[in-house]
Amino acid sequence: MANEKLIQKGLEAKARLEERAKSGFGDTSGARAKVYGCNSTSCRSAGGESVIDSFNQAVDANELSDQVRIVPTGCMGLCAKGPLVKVVIDGMEDQMFKEVEPMVARLIVAEYITPVLEGKISELPEFLKQYTLDLNSPFFASQQKIVLQNLGHINPESIDDYVDFGGYQALKKCLFEMSPQDVVNEIKESGLRGRGGGGFPTGLKWQFSHDAEGDEKFVICNGDEGDPGAYMDSGVLEGDPHAVIEGMLIAGYAQRATSGWLYIRAEYPLAIKRIENAIRQARKNRLLGDNILGSDFSFDLEVRLGAGAFVCGEETALIASIEGKRGTPRPRPPYPTESGLWKQPSSINNVETFANIAKIINMGAKEYSKIGTDKSKGTKVFALTGRVRNGGLVEVPMGMTLDEIVNQVGGGVDGDAELKAVQTGGPSGGVIPKHLLDLPVCYDELKAVGSIMGSGGMIVMDEDDSLVDIAKFYLGFTVEESCGKCAPCRIGGQQMLDKLTKIAAGDGKKQDVTDIKRIAHAMQKASLCGLGQTAPNPVLSTLKFFESEYTDKIKECCGGCACSCNKNEAAK
Amino acid sequence: MTEMVKAIIDGVEIEVEKGTTILDAARKVNIDIPTLCKHPDVEASAACGICVVKIEGRPNMVRSCCTPLDNGMNVITKDPEIIGVRRTVIELILSNHPNECLTCMRSGHCELQDLASEFGMRETNLPSLVKKKEKDESTKAIVLDPSKCVHCGRCVEVCQNQQNVHALSFLGRGLPTQIAAAGGIDLADSPCIKCGQCSAHCPTGAITEYDETQKVWDMIMENEDHVVVQIAPAVRVAIGEEFGYPIGTNLTGKLYSALRMMGFDKVFDTNFGADLTIMEEGSEFVQRFTKGTAPLPLVTSCCPAWVDLMEKYHPDMIENFSTCKSPHEMVGALTKTYYAEKMGIDPAKIKVVSIMPCTAKKYEISRDDSMSSSGFQDVDVVLTTRELARMIKQAGIKFRDLEEVEADNPLGEYTGAGTIFGYTGGVMTAALRSAYALITNEELPDDVIDFKPIAGLEGVKEAEVEIQGKTVKIAVAHGTGNVEKVMEKVRSARENGEEPPYHFIEVMACRGGCVAGGGQPRVISSDVPRPRGINDEIRMRRAKGLMGEDKDAKLRRSHQNPSISKLYDDYLDAPLSKKSHELLHTHYVARSTYKR
């Protein structure tokens, strides 16, 4: 009986989704003006929350609440210029304001929104123009937002907003119009590859899990983003949590899974709060739990917090951590799709991967696969940081060149120094020198030059940056974060770091470089997991392209040997 | 039918069962892939990274210890690049290992030393990263020296899974990661049962026995003291490994000789105590079984690690536990009473040294007051087989040239039943031989004396024996990880008011029983099959050494031991007499797993 009631409630929820699909998606508030204030961690750290409060107070004070809607949103991208606020007024050009302070917020309401609504002015007052950003600039115009589509448009704490913008339609389509295998096929056809960094074909992973038999089966979301400077996943979790939940639901249906786990690092309190809120809303709306939307499909989600170990982003360590054990990797095979969480078939995807799923179902695999390159489909979100003018969260189609990302979207180097190199892939990635910036961003091209796509960290370096120090920084990070299980990583990392520190301090010898290369090779070949296998990458890639920065620091160089240091060049 | 896979390893075609690892498959065709962490008893932890091999068509090397061979694989186990990687990994491990080989207890039998020598490791450019870490000697049975740990993970795996004790764990991360009692407390305050299986599986000197050899030399040097020594059953079939004998060679006679040459005043045998234990425990069983004096099943208590585990994890089983002390404790108590009176020696001047295959026995001798039933601590020192071997070598004794001699009376004579105490199922077999006689007044026929169903290395062995028309249900468990299910069965029957599933249960904490105890030799020799370390083949070969002695014995039933009869006639009166209880029995208390 209870089940029938649940099914009935589910069907009602389904009917509401169908009703919503009849009219165009988008804002339904009817407000003539909308203020979108970034409410993500980055803008909040710059005071974004009080800016939103000021807007609310000003709108109330001017008695405009029925005409103006204030929407606290997810990240709008240009984090370096936050807090960001976008103002959209019927009949007016959209305005993006940067570095907004509470006082400016009050001025925007008093001197711009109010007079426009009252028909007194039809242009942005001159004095406010110093706060605006050009929405037609390459930063906004050359991005292609699929994963970040809703960020800046919806209130991440409102399921109604998500549904208004087309949310959960893809889930409904999967449950009622597609078989699990159809869904797997669709994802396969889309060419989507894992956004956590490895780039494993998502559809294939789902197929393995779909075919595996177990008493239970799990879908796991890896939200243990730990690369220094990276915040793609926190951006998505904070800005569009329902997209991740919908992606996991579709994954659960496609793989015939029984439940799902979100593993999120505890250092992301806002992401955790929003995802937990979204889960509650989804349950209430019959989108999680038994007989979802009245179908036979039952699935629920649970959140597990990671205690801040980088290695727990490695899937077998992550599983151990969810199980309450020490977070150390174990050998594969068996792969988690065969024997994962509690020895049951489990598939693990990254936050960004899940955020792509509903979009693929909605636009269709064919359409999706038109974006990107032959082997890397879709878009990629990057956290663009370092010596770059427009630092922030950006999403670009795969295949865009590094040059376009850095110089157009990023607006080039911030300051007078020349660009030197771009680092991708975080501590597992490498440094790509200026002369290779024509490289299109896709999995295989980046790997070919000794870096990796990684989860989306992209750091711009200029001529003032020492690459020996950069290599030391990243290696120091992986040494600190090594789980301590396997010898090549545990000891090799420390030995390399010690030698690197010696070189950086000017006490190095040529033999140290030779030793570093030899240890790096052993680490790559004999480490158990990705952390150790890729830890030497920052060192090796800087050695490959900038060896002279190392040899310049080695005093014993004779200036006549085979190395490429300055003394040697001078001798020639 | 088992599925087979065909592949090529180093050009050799091979067909093995599906699921066989590359490492194991290679060994089948005599291709030895080196490894430091893999041990046959435990799941591959894949920690060391030395067993890497190449598979044609794959960009990365894989670990052969945990990668199953698959159809069509072309595996290359050695080429200059692979050897180079292995050498670098070994060099890295050595750079984080103290350079203390000359003074290390494991020197000569160390798996790391062996590997380094095999790879011809010479000079290195890598500075030492060793940070001296504090040793944990708190148990006075096992010593943990984390500085020497290579993080193979065997001890943790064995402690947690094979033994189900969960005392050991890894602490910290990165380079400072170390083995320790969970939570970083002293091992003595942890659930550790001192079984020493961690030390039996350790490839280096990171986990060893608590060395008391000097203490014993000092006792022997002290002219006033009358120093008595006894040897446990399992010692005689293992010590030979230290002197180049084939595994399982029974060296009882030579061992007695060596002990006399070392200067012990009397040489007794714990096998006598085993026979005596059977008289007491067998009688205890008969009373419970025929008269219902106390609840069934009766559970054996000669294994001190098991006693410790029971007190910590199964205190509700205390009333099922045999109150008998372990055999060497009985011998100790009688040495300082019966023997002392008989010889007119002041028991205060008697020192008893027990040579045991076990580290837990070091803990047992002072576990409570009943271990001092003679008025003095009944056993003064326990030495493991490994410590004894060291002392024999220190004394310059040419073990192979020794004469075979007899033990001393009155505590040295034993039957075949006493000697089989050393392996799993042996105590039960010996007990049934005598219990049968006690109940029926007839001897168990020779052709059924061996109880085949409880021999072998199955984790839990069950059997039924008919005695006078009544069925006796027995169970034998070894490796404390196997005990849980047996206890659970007993507990659930008790809670449901049902008949107990068993009448008599034998438990030994170590897999295979005492022959594979935590104090047994860890020798690297051509007779010890690779991979290094204790394995089932060694366990069985040692057990067979004891079975052989039993088979050849004139007397194979404890109650036939003339010295035992004399002891009862002259001193104890009868099994379970008041005097027996004072000297040969103990009691148990619930103990907390963690001490605060």
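This is a predicted model: local features need pLDDT of at least 70, side-chain atom pairs count only at pLDDT 80 or more; totals for chains, interfaces and linings use all residues.

Now the overall dimensions. Along the principal axes, the C-alpha atoms of chain B fill a box of roughly 75 × 60 × 50 Å. The radius of gyration of chain B is 25 Å, which agrees with the value near 25 Å for a compact globule of 596 residues. Of those 596 residues, 56% count as buried. Among contacts in chain B with a separation of 6 or more, 75% are between residues 24 or more positions apart.

Next, the domains. The assignment divides chain B into domain 1 (4–93), domain 2 (96–124 + 133–209) and domain 3 (214–584). How far apart are the C-alpha centres of domain 1 and domain 3 of chain B? They lie 42 Å apart. The two are in contact through 6 residues of domain 1 and 4 residues of domain 3 of chain B. On the domain 1 side, the residues that touch domain 3 of chain B are 1 nonpolar, 2 polar and 3 charged.

Last, one residue. B:Ser283 sits in helix H8 of chain B, residues 270–291. Why does B:Ser283 count as buried? Because B:Ser283 has 20 C-beta neighbours inside 10 Å, and 20 or more is the cut-off. Beyond its neighbours within four places in sequence, B:Ser283 is in contact with B:Leu438, B:Pro575 and B:Leu576. From B:Ser283 to B:Ser434 is 151 residues in sequence, but 8.7 Å in space, C-alpha to C-alpha.

Conventions: Residues are numbered from 1 along each chain as its sequence is written. Chains are lettered from A and ligands numbered from 1 in the order in which they are written. Helices (H or I, at least four residues) and strands (E, at least two) are DSSP runs, numbered from the N terminus. A residue is buried if 20 or more other C-beta atoms lie within 10 Å of its own, exposed if 12 or fewer, and partly exposed in between; C-beta atoms are placed from the backbone. Two residues are in contact if their C-beta atoms, placed from the backbone, lie within 7 Å. Domain bounds come from an automatic or database domain assignment. Ala, Val, Leu, Ile, Met, Phe, Trp, Tyr, Cys and Pro count as nonpolar, Asp, Glu, Lys and Arg as charged, and the others, Gly among them, as polar. The radius of gyration is taken over C-alpha atoms; the globule rule is 2.2 Å times the number of residues to the power 0.38.
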